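Hi,

Here is the structure I said I would pass on.

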Amino acid sequence: MNFLNLFVIIPLLMLLGLWLSKNIKQIRGVMVCGASALLALSVVLVFMYLGERQAGNEAEMLFVSSIEWYKPLNIAYTLGVDGISVSMLLLSSIIVFTGTFASWKLQPLTKEFFLWFTLLSLGVFGFFISIDMFTMFMFYEVALIPMYLLIGVWGSGRKEYSAMKLTLMLMGGSAFILIGILGIYFGSGATTMNILEIAEMHNIPFAQQCIWFPLTFIGFGVLGALFPFHTWSPDGHASAPTAVSMLHAGVLMKLGGYGCFRIAMFLMPEAAHELSWIFLILTTISVVYGAFSACVQTDLKYINAYSSVSHCGLVLFALLMMTQTACTGAVLQMLSHGLMTALFFALIGMIYGRTHTRDVRELGGLMKIMPFLSVGYVIAGLANLGLPGFSGFVAEMTIFVGSFENQDMFHRVLTIIATTSIVITAVYILRLVGKILYGNPVNKEHLKLTDATWDERVAVICLIVAVAGLGTAPFWVSDMVSDSILPVITQLSVH
């Protein structure tokens, strides 16, 4: 059996275990065991992958296997990983593990919540290990469907509106993806939906690429918060429960950037070159607009949601620059943003659970009341604004250096405009930290509140260690990712 199948089998076993669980203790036991197994599995996979590389195995994908599913359309359950997907699997397992502890005391309908949460995780893991377009799309849909119930049932605020808006917009993006995938398959005259085999054929006519590329890029870009299709993101994040916000912003939005790179750009390089300028302008708007929008928000979740629009915009921006350095920075940004935003949403959920407000104007002096959560928030903020030593600095500097490698004025001007987001981010983060953490409490009732419990500390510490670890030792991820980006960059440079 292919080692990668365990990333699907373990969530399926977790679903079975949750269904059979009779009380909250059994539910928590299943989630902790399953999430720990997935985290251990992803760490083992990282070492296995690095070991294969050191052994001189320079294959584009490792641990590849294929089982035929549906012969008439040549659909196969084809698995394989490279450095990009390995890093995404590691990110996903960290978020699932910490999200489990962040939801330790969730009520009501605990079993049902974790069933949908695990199904969402199954879709994410399946997506990152698939190299068959239809299989990827299937897991993509599995990851999207649970979001409606997770927000609509367990969310807060305008949860029904937010859940419906998110679901409809993302399903609209899915329709674009499906049309694009079918266009690629029939347009290339392929006898397979295997991404690697289609890329080797180079059979998609340029005229058809110019049709299927924008459809596919926009379809995945909707999930990656591409302007102007980003409006579902702030509402969805603001209404989602803590663990769902962590998984949604930390991992699910990364499916967008991953799909744009793996399918749209890799399989249609000529159209990527021809039409990239349009999407570069849109992603630059996302980067700057998201940062400015975060400045004027008063809800903690909306601030982080618009910050996510800006940072996810940087991912697509870097990919469209089509240099190896910029694309490496894009993957580092996916990892960095996933960890940072999960930490932010975890802390916001913990603060909200105590104060029952996310309004910045009603918070103050939290450092005196809950020092552990406040210090964690300061660290998350410093990482978000790109302080050296944290993951945000490494990712953003790699993106901007790689983007500036393009010699033409158009790319360099857009790069300069995008760098202004660093200053804007510093403004709203420092102002926010000063307002809610220092000074005197706005509400005297907050003086009676308690600091983080043990389960909350586990989630926060794990995420802080990951953010600092990526920031201080990014080389192993960078080297692993660079090798995997090279085939795509080669494909793009040929055309």
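Let's start with helix α10, where T242, A243, V244, S245, M246, L247, H248, A249, G250, V251 and L252 are buried. Put another way, 11 of the 11 residues of α10 (residues 242-252) are buried. "Buried" here means under 20% relative accessible area, while exposed means over 50% and partly exposed is in between (1.4 Å probe, protein chains only). Helices (H or I, at least four residues) and strands (E, at least two) are DSSP runs, numbered from the N terminus.

Before you go on, a word on what you are looking at. This is a predicted model, in which local features need pLDDT of at least 70 and side-chain atom pairs count only at pLDDT 80 or more, while totals for chains, interfaces and linings use all residues. Residues are numbered from 1 along each chain as its sequence is written, and side-chain values use heavy atoms, with hydrogens and water left out.

Now the whole chain. Its secondary structure comes to 20 helices and 2 strands. The radius of gyration is 21 Å, close to the 23 Å that the globule rule gives for 495 residues, so the chain is as compact as a globular protein of that length. (That radius is taken over C-alpha atoms, and the rule is 2.2 Å times the number of residues to the power 0.38.) Along its principal axes, the C-alpha trace spans about 70 × 60 × 45 Å. Of the 495 residues, 64% count as buried. If you list the contacts (heavy atoms within 4.5 Å) with a separation of 6 or more, residues 24 or more positions apart account for 81% of them.

Next, two residues with polar contacts. A polar contact is a pair of N or O atoms within 3.5 Å; within protein, one must be able to donate a hydrogen and the other to accept it, and residues adjacent in sequence count only if both atoms are side-chain atoms.

- T78 sits in strand β2 (residues 75-81) and is buried, at a relative accessible area of 2%. Its side chain makes a polar contact of 3.0 Å with that of S66. Not counting residues up to four places away in sequence, T78 touches several others, including I129, D132 and N194.
- N5 comes in the segment before α1 (6-20) and is buried too, with a relative accessible area of 13%. A polar contact of 3.0 Å joins its side chain to that of Y77. Leaving aside neighbours within four places in sequence, N5 is in contact with Y77 and L79.

Which residue has a positive phi of about 60° although it is not a glycine? That is A225, found in the loop between α8 and α9 and buried at 1% relative accessibility. P228 is in the loop between α8 (206-223) and α9 (232-239) as well, and the peptide bond from F227 to P228 is cis, with omega near 5°. Over in strand β1 (residues 62-70) you will find F63, another residue other than glycine with a positive phi, near 55°.

Last one: is Y352 buried or partly exposed? Y352, in helix α14 (residues 324-355), is partly exposed, with a relative accessible area of 32%. Beyond its neighbours within four places in sequence, Y352 is in contact with T357 and R358. The C-alpha atoms of Y352 and G224 are separated by 27 Å, and the two residues are 128 apart along the chain.

Cheers
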